[in-house]
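Hi,

Here is the structure I promised to pass on.

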Amino acid sequence: LMKEKLRLERERYSGLYNNMPNGVLILEILENSGEFVIKDMNPEAEKIERVYKNDVIGNSVNCLFEQHE
């Protein structure tokens with residue numbers, strides 16, 4: 001019962017994340033450098049930034065700014 005409840009909740013939030021009209025990046029800050037690394041992004045963020053998430057996951061968020069220069 002608990003696993004099913006968790007699965008349904010995960011599907012619900014995944015649907016919201018993947019279909020929302022706003023771009024969302026999930027970042028991780030690296031302790032010693034203060035650098036932000038891209039952990040995930042939703043499809044709208046891919047459209048806004050004109051990138052594929054598989055190409056930028058694990059990179060510094062700065063890579064998104066550099067492409068606009």
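This is a predicted model: local features need pLDDT of at least 70, side-chain atom pairs count only at pLDDT 80 or more; totals for chains, interfaces and linings use all residues.

Residues are numbered from 1 along each chain as its sequence is written, and side-chain values use heavy atoms, with hydrogens and water left out.

N42 sits in the loop between β2 (36-41) and α2 (43-49); helices (H or I, at least four residues) and strands (E, at least two) are DSSP runs, numbered from the N terminus. N42 counts as buried because its relative accessibility is 0% (buried is under 20% relative accessible area, exposed over 50%, partly exposed in between, with a 1.4 Å probe and protein chains only). Its side chain reaches the backbone oxygen of N22 at 2.9 Å. Leaving aside residues up to four places away in sequence, N42 touches Y17, M20, N22, G23 and V24 (contact means heavy atoms within 4.5 Å).

On to the inside: the largest nonpolar core has seven residues, I38, M41, A45, V51, V56, V61 and L64. Such a core is a set of buried Ala, Val, Leu, Ile, Met, Phe, Trp, Tyr and Cys residues joined through side-chain atoms within 4.5 Å.

L27 belongs to strand β1 and is partly exposed, at 37% relative accessible area.

Cheers

Conventions: A polar contact is a pair of N or O atoms within 3.5 Å; within protein, one must be able to donate a hydrogen and the other to accept it, and residues adjacent in sequence count only if both atoms are side-chain atoms.
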